[in-house]
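Visitor: I would like to go through this model with you, beginning with the ligand. Could you show it to me?

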Amino acid sequence: MKTIQIGHLNQPSSRLIYGCMRINGDNSADAIEQGKNAIRAAVDAGYNHFDHADIYGNGECERIFGEVIKESPELRDQLIITSKAGIRFAGTPTADDVGRYDFSKEYITAQVEASLQRLNIDALDLFLLHRPDYLFDPQVVAETFEQLKRQGKVKQFGVSNFSPSQVSMLQSFSTEKLAVNQVEINIHNISAFENGTLDQCLEKHMVPMAWCPIATVVYEAWGNTFDQDTVNRIHQELDRQAQFYNEEKWIVILAWLMIHPANICPIVGSTNPERIKAATRALDIKYRREDWYRLLQARNGQPVP
Ligand SMILES: NC(=O)c1ccc[n+]([C@@H]2O[C@H](COP(=O)([O-])OP(=O)(O)OC[C@H]3O[C@@H](n4cnc5c(N)ncnc54)[C@H](OP(=O)(O)O)[C@@H]3O)[C@@H](O)[C@H]2O)c1
């Protein structure tokens, strides 16, 4: 597995990151066993970086991962464990509370502590703010980061779904270097290529982590805006490329993401051991610039100007 250094972490991260959002399945005993097998399959395939959030499966995904750590404690030091917080569901803590974002010191600190307990670990390698809280006070967040670092509960910090200006603004308050921005990047959502997110990652030596990387290729993207003609054009071009590279379309699209010089790290969310391993083949594709643009053209339905 190819690797990439993230900030000052004490080991490089695998270029493909395993996303744990789906490892609880329907919460049945069988699904949980499948989730644990997926984690082990990812380790066997060379993934050493696992992405979580407090809200995945309402904490269940972290708990399942924590069980694996308990069963195989030697894994802890081999892995980079990331989690996120900041999103509060409606109905918490009281029934009539609305869904909201909360970067208050009390809330973030409590969520990090709860994640550590569920994951059965002493410290997160990376902690990310999950979605920008419209009302966040960067001074408070900076103090929270410093306290979590001092207490040894988090080694490194980052953000998710932040705009470049939000990253710069928070960084200007925080002595903790922001190491990653985890954003949606796929053939449907190409905003990171256009809105400065990837430019900023290059400039500031941050690593972009891409969520839902294969949306549109195997399932409909969040907030899908594509009509059927667009989807057909994308698949027609992907069929051609799949034949050219002798690969499956969803693996080709991972190569499409990784060719960017910002070193996009796709977060792979399959719970199928064969697919988890197969995704690593994307790292061997010598993907061509002209194919990148052919796919963009198929997506946009017009040539670049
Ligand atoms: N920061 C954020 O706001 C945010 C938001 C969303 C997600 N995330 C992170 O990103 C990670 C990845 O997102 P994701 O789970 O959407 O990843 P993904 O890899 O784009 O999608 C995984 C889904 O696609 C299915 N799939 C994969 N290959 C397939 C194929 N060849 N044919 C049919 N279905 C296929 C998988 O089913 P099988 O399990 O059956 O293979 C699974 O349901 C999450 O786990 C989470 O860690 C972050």
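Visitor: How many Å is an oxygen atom of the ligand from an N or O atom in the side chain of Arg22?

Guide: In this predicted model, the distance between an oxygen atom of the ligand and an N or O atom in the Arg22 side chain is 2.6 Å. For Asp51, a side-chain N or O atom is likewise 2.6 Å from an oxygen atom of the ligand.

Visitor: Which residues around the ligand come nearest?

Guide: There are 25 residues around the ligand, and those that come nearest are Arg22, Asp51, Tyr219, Ser270 and Arg275.

Visitor: How does that shell divide into nonpolar, polar and charged residues?

Guide: The shell has 12 nonpolar residues, nine polar ones and four charged ones.

Visitor: Changing topic: how many aromatic pairs are there?

Guide: The count is 15 aromatic pairs. One of them joins Tyr101 and Tyr134.

Visitor: Why is the pair of Tyr101 and Tyr134 stacked?

Guide: Their ring centres are 6.3 Å apart and their planes are at 25 degrees, so the pair counts as stacked; the cut-off for stacking is under 30 degrees.

Visitor: Where do these two residues lie?

Guide: Tyr101 is in strand E7 (residues 100–101), and Tyr134 is in the loop between strand E8 (124–129) and helix H4 (138–150), so the pair ties together parts 33 residues apart in sequence.

Visitor: What about the backbone: is the peptide bond from Thr92 to Pro93 cis or trans?

Guide: That bond is cis, with omega near -5 degrees. Pro93 is placed in the loop between strand E6 (87–88) and E7.

Visitor: And is phi of Asn246 positive or negative?

Guide: Phi of Asn246 is positive, near 55 degrees. Asn246 belongs to the loop between helix H8 (228–245) and helix H9 (249–258). Most residues other than glycine have a negative phi.

Technical notes. Residues numbered from 1 in each chain as written. Predicted model: local features only at pLDDT ≥ 70, side-chain atom pairs only at ≥ 80, totals over all residues. Heavy atoms only, no water. Near = heavy atom within 4 Å. Polar contact = N/O pair within 3.5 Å; in protein donor to acceptor, adjacent residues only side chain to side chain. Nonpolar A, V, L, I, M, F, W, Y, C, P; charged D, E, K, R; others polar. Phe/Tyr/Trp six-rings, centres within 6.5 Å; stacked < 30°, edge-to-face > 60°. Helix = DSSP H or I, 4+ residues; strand = E, 2+ residues; numbered from the N terminus.
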